[in-house]
Amino acid sequence: MPSQTEEFTIGVEEEYQIINPTTRELSSRVEHILPKAQKAIGSEVQPEAQQSQIEIGTPICKTLADVRSELVRLRYEVIAAAAKDGKQIAAAGTHPFSHWDEQQITPKERYEDLMRDYQQLTRELVIFGCHVHVGISDRSTAIQVMNRTCIWLSPLLALAASSPFWLGRDTGYASYRTGIWSRWPISGVPLIFESLTDYEALVQVLVETKSVAEATKIYWDVRLSERFPTIEFRVTDVCQTVDEAVMVAGLVRALARTCYEEVITDKPFHPVRHELIRAAHWRAARYGLDEDLIDVSAMKAVPAREMVESFLSFVRPSLEEYGEWDEVSSLVHRTMEFGNGATRQREIYKQTGRFSDVVDLIVQDTAKGIASV
């Protein structure tokens with residue numbers, strides 16, 4: 001098979017909230033928790049822009065079983081390190097009520113540069129995402145793969161949405177994190193690139209015009225990594241559960257593999273209007289799985305379940321080839337049946353009217369399935 005020319009390894013990065021278990025607020029304690037976590041797992045845990053955040057990154061994984069075991073291990077160790085400091089760890093795209101003005105920027109050059117360059121946008125950047133890297137070593141091919149993946153980002157976003165609340169209000173969005181992030185100048189779904197040369201020329205101009213300090217500060221929802229030979233998918237909120245994170249990683253890799261096969265077999269590619277892709281992206285962030293999504297290829301609105309099933313059908317041959325179909329499809333169908341993180345958070349709030357209970361749910365979901373590590 002042509003796909004054997006690439007390994008399609010996976011790496012997953014997750015950004016977590018540090019929680020005060022008494023008040024359920026965000027807690028700026030990363031400087032106290034990070035050394036404890038790094039003692040257990042080394043450089044696989046790092047600080048993030050806010051001191052109430054902490055980030056993990058898996059080693060290079062070859063299978064979804066590897067992804068699951070690494071996420072379980074890393075979540076376990078970060079939760080354990082936080083517990084030694086009397087804190088908890090929560091995985092959701094936003095905190096339900098803590099205010100951005102009460103957070104502290106991490107005193108690290110990269111984040112201080114962000115503060116200098118982006119000011120208020122950096123202050124309000126109290127959001128938590130999941131990034132999935134898929135190994136494709138040939139960057140010219142990777143650009144063409146990236147182009148083709150963009151029409152399928154909205155169902156991914158809808159499945160993983162976990163940020164309905166912001167500053168103690170229901171935003172009306174399933175992924176309000178997406179809206180906050182979209183205000184950054186070099187973010188969102190990228191345009192189509194004719195070639196790697198075209199891509200690199202744009203990156204060079206963005207740097208030369210001081211639009212970005214350097215290429216790693218281009219924050220598209222899918223981009224070529226500057227650090228690794230990968231395509232990096234940055235579109236989703238951090239997933240509340242390990243199951244959901246494995247689902248997203250499996251779908252992302254299957255999407256990349258499927259589009260890779262199309263590129264190397266020279267399957268015709270018909271670019272879709274960028275405005276329509278942006279509209280589909282916004283609609284997925286707004287409604288998640290609760291209303292119609294946009295099938296950009298057919299140029300029509302369709303029920304979310306139908307759009308997700310179309311996505312599954314598109315990537316099914318790849319999932320079956322690698323023995324991942326049963327696991328990933330069952331996780332997707334479970335998410336559609338019981339709701340994404342945003343739906344579950346809203347259900348708890350509707351029942352109790354207390355944001356503290358929402359935080360407790362997120363903390364419980366974050367630790368689900370890892371107690372036996």
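This report looks at the cavities and then at one pair of packed helices. Please keep in mind that the model is predicted.

**Cavities**

Rolling a probe the size of a water molecule over the atoms shows where empty space is left. Searching the whole structure this way turns up 3 cavities of 30 Å³ or more, and the largest cavity holds about 40 Å³ of space.

Which residues line the largest cavity? They are Cys-150, Ile-151, Leu-153, Ser-154, Val-189, Ile-277, Ala-280, His-281 and Val-296. By class, this lining has 7 nonpolar residues, 2 polar ones and no charged ones. Two helices, α6 (153-160) and α10 (274-287), each supply at least two of the lining residues. Of the contributing elements, α10 gives the most, with 3 residues.

**Helices α13 and α14**

Two packed helices are described by the angle between their axes and the distance between the axes. For α13 and α14, the angle is about 145° and the axes lie 8 Å apart. Is their crossing left-handed or right-handed? The crossing of α13 and α14 is right-handed.

The table shows which residues meet in this contact.

| Helix | Span | Residues in the contact |
|---|---|---|
| α13 | residues 341-352 | Arg-344, Gln-345, Ile-348, Tyr-349, Thr-352 |
| α14 | residues 355-367 | Phe-355, Asp-357, Val-358, Leu-361, Ile-362, Asp-365 |

The residues of the contact of α13 with α14 comprise 6 nonpolar, 2 polar and 3 charged.

Note on methods
Residues numbered from 1 in each chain as written. Predicted model: local features only at pLDDT ≥ 70, side-chain atom pairs only at ≥ 80, totals over all residues. Heavy atoms only, no water. 1 Å grid on protein atoms, 1.4 Å probe; cavity = no way out; pocket = protein on both sides within 12 Å on 5 of 7 lines; lining within 4 Å. Points joined across faces, edges and corners; volume = space filled by probe spheres on them. Helix = DSSP H or I, 4+ residues; strand = E, 2+ residues; numbered from the N terminus. Nonpolar A, V, L, I, M, F, W, Y, C, P; charged D, E, K, R; others polar. Axes fitted to C-alpha atoms, helices over the stretch in contact; angles between N-to-C directions. Left-handed = near helix turned anticlockwise from the far one by under 90°. Contact = heavy atoms within 4.5 Å.
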